[in-house]
Amino acid sequence: MALEFVGLSQAFGGERVLSDVSLRVEPGSIVAFLGHNGAGKTTALRIALGLQRAESGSVRVDGFDAAADEREARARIGALIETPGFHGNWSARRNLAALARLAGMDARGARSESERVLGLVGLAPVAGRRVDTFSQGMRQRLGLAQALLGKPRYLLLDEPQNGLDPEGLAELRALLVRLARDERMGVLVSSHQLAELAGFATDVVILRRGVVVHSGPMAELARRERGRARVGVRDAAAARPVLERLGVRVHSVEDARFEVALGECAPETLARGLRDAQAGLVELAPVAPTLEEVYLRAQRTGERAPAPARADEAPDEPLAPPQPFLAVVRYDVGRLATRGGLVWIGALPVIVALLALARRAHEGAADASAVAEERVFSATRVTAFEGIGVALAAGIPLLALAWCGLASQSLAGELARGTLRNLLLRRVGRVHAVLGKATAIAAAAALTYLALAASAVLASAAWLDFDDVCEVLPNGTRFVLTPKGDLWPELARALSLPLLPLLASALIGFACGAFVRGAAAAVGLALGLAVLLDLARVVLRGGAVEGWLPGAHLASPLSDTSVIAYWIELTRGVSAARYAFEDRALLAPAAWIVLSLVLAHAMLRRRAVP
């Protein structure tokens with residue numbers, strides 16, 4: 001079994017970035033993936049990890065196609081690509097434990113695994129610190145730690161030495177050698193700093209402008225290349241004429257030791273000449289070509305290396321854990337629960353709702369006083385039923401807008417921070433990521449709506465009475481307009497029906513986050529679209545299409561046609577009260593939810609994740 005790149009090709013804007021790139025990483029090998037900046041190394045690694053798609057070619061991991069069986073491929077690969085992204089307000093331990101849970105571990109196993117990898121990379125003493133206090137080198141070590149979670153079979157590292165000090169580089173080299181030797185882990189390390197990989201790579205692949213110009217074992221490369229030799233003699237003056245006569249070029253001299261380029265001279269010919277000249281030969285040893293020499297030579301020739309032999313093997317046993325959807329839900333619920341803004345999203349609509357309720361209760365008391373003083377002929381008594389409707393009519397629009405904006409960050413915000421990449425590098429498919437995140441948003445939005453509805457009910461019960469809707473005359477006579485017995489069944493409907501349009505509003509924002517990269521752009525698009533859809537009701541007023549717009553079923557300051565508006569009229573004794581779009585109360589929001597999920601998945605599936 002092996003990790004194989006098979007004929008990968010990719011172009012951006014008409015410029016060819018990869019051209020038929022093939023390589024093979026065997027278990028226990030360390031492959032140096034070399035090339036200048038822009039040679040295509042990172043693009044090849046990102047294709048292997050499913051972060052972007054190739055025009056042609058494929059990546060196979062232990063026989064599984066990385067595009068068709070993305071979860072099985074991800075189950076075998078750990079990776080550190082470019083700058084690692086983490087939740088800055090979480091500790092290093094919590095970040096890693098959350099990612100380990102995404103890989104299918106239980107809570108105890110995730111904690112144990114996070115401690116193990118933190119120890120491997122030397123971050124155990126600072127495991128409890130917030131990541132936003134880490135230096136660049138510490139973040140790089142943490143990125144390596146997340147790549148090692150779950151003991152992957154293959155490790156893909158993109159410029160892992162970035163930000164590491166000399167001690168950290170030495171520890172990294174020792175760690176990679178130990179993983180390859182003791183755990184038979186296949187390692188692919190990309191770099192343009194060639195000296196950092198010398199001495200421990202077993203194989204080398206050189207990429208030049210998207211073309212593999214060299215591929216093979218280091219030992220074979222050393223044998224094939226006519227490199228330098230180290231010559232030690234007792235009499236340097238006697239040795240120099242021999243070197244000149246045989247066409248051996250001297251690169252450096254230190255006392256009586258020469259470093260030479262043999263050229264066409266065979267080592268035995270040089271040894272015989274030095275012996276005949278009585279130069280006192282004490283050493284003649286080959287000097288293996290450095291990676292930099294090989295790289296520069298390949299860059300000059302620009303030849304294409306032959307592709308490695310393809311191994312048509314049956315796929316390995318499945319490793320991907322079950323229920324990735326639930327793992328994403330758990331991860332995103334934890335992410336949302338730690339956001340300080342989530343508290344305000346729940347609290348602000350409640351505050352606004354209670355203020356509106358207090359105002360209406362005050363108006364009701366003023367109306368009752370005016371009737372008692374015979375300043376008005378009659379007034380409709382304000383009940384707790386009406387108070388609930390008034391509170392919800394004030395709080396729901398704010399809650400819907402808040403969730404539309406916050407949900408837009410679920411994809412766009414994580415994309416900007418680099419944490420979405422960490423999620424997708426786990427054993428999670430993109431469809432599971434979309435459905436799991438959407439479910440977490442829906443659960444959190446439902447919870448905040450429950451808090452709003454409960455606050456409206458409890459405050460109305462405390463300030464007002466659940467009584468018949470009556471018209472009160474100055475002499476105290478009451479005419480019942482709507483008996484309270486008729487209102488209780490309608491109250492359950494008035495409380496439950498707004499939930500689905502609220503979720504539709506949140507998921508519209510979620511889908512907007514899949515269309516743009518920046519967090520601010522996502523918020524602007526989501527809120528702008530929400531307002532535009534509500535304004536569209538003015539243009540479509542009275543038509544058949546209006547009832548299919550999400551705003552038609554949400555309480556809105558723009559000509560409310562929702563169940564809440566119907567409920568308020570009912571609680572004020574309006575005999576002609578009706579819910580205009582009752583036939584689409586469930587169907588229209590459900591259609592918007594499905595449309596939002598389909599669009600979000602379609603966009604994320606085709607998007608390259610940085």
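Trainee: Why is Gly 57 called partly exposed in this predicted model?

Mentor: Its relative accessibility is 46%. Buried would need under 20% and exposed over 50%, so Gly 57 falls in between and counts as partly exposed. Gly 57 is located in strand 4, which covers residues 56–61.

Trainee: What does Gly 57 touch, leaving out residues up to four places away in sequence?

Mentor: Gly 57 touches Val 6, Gly 7 and Leu 8. Val 6 and Gly 57 are 51 residues apart in sequence, yet their C-alpha atoms are 5.5 Å apart in space.

Trainee: Which residues make the nonpolar surface patch?

Mentor: Trp 344, Leu 348, Ile 351, Val 352, Leu 355 and Leu 398 make a patch of about 550 Å². Helix 12, residues 340–372, gives the largest share, five residues. Leu 398 is in helix 13, residues 384–407.

Trainee: Why is Leu 398 called partly exposed?

Mentor: Its relative accessibility is 34%. That value lies between the limits of 20% and 50%, so Leu 398 counts as partly exposed.

Trainee: How many aromatic pairs are there?

Mentor: The count comes to five aromatic pairs. One of them joins Phe 385 and Phe 466, with 5.0 Å centre to centre and 75° between the planes.

Trainee: Are Phe 385 and Phe 466 buried or partly exposed?

Mentor: Phe 385 has a relative accessible area of 0%, under the 20% limit, so Phe 385 is buried.

Trainee: Why is the pair of Tyr 566 and Tyr 579 called stacked?

Mentor: Stacked needs planes under 30 degrees apart. Tyr 566 and Tyr 579 have 20° between the planes and 6.4 Å centre to centre, within the 6.5 Å limit, so the pair is stacked. Tyr 566 is in helix 20, and Tyr 579 is in the loop between helix 20 and helix 21.

Trainee: How do you know that Tyr 566 and Tyr 579 are buried?

Mentor: Tyr 566 has a relative accessible area of 12%, and Tyr 579 has 6%. Each value is under 20%, so Tyr 566 and Tyr 579 are buried.

Notes: Residues numbered from 1 in each chain as written. Predicted model: local features only at pLDDT ≥ 70, side-chain atom pairs only at ≥ 80, totals over all residues. Heavy atoms only, no water. Helix = DSSP H or I, 4+ residues; strand = E, 2+ residues; numbered from the N terminus. Buried < 20%, exposed > 50% of the residue type's maximum accessible area, 1.4 Å probe, protein only. Contact = heavy atoms within 4.5 Å. Patch = residues over 30% accessible without salt bridge, like charges linked within 9 Å, V, L, I, M, F, W, Y side chains within 5 Å. Areas by Shrake-Rupley, 256 points an atom, 1.4 Å probe, with all protein chains shown as cover. Salt bridge = Lys/Arg side-chain N within 4 Å of Asp/Glu carboxyl O. Phe/Tyr/Trp six-rings, centres within 6.5 Å; stacked < 30°, edge-to-face > 60°.
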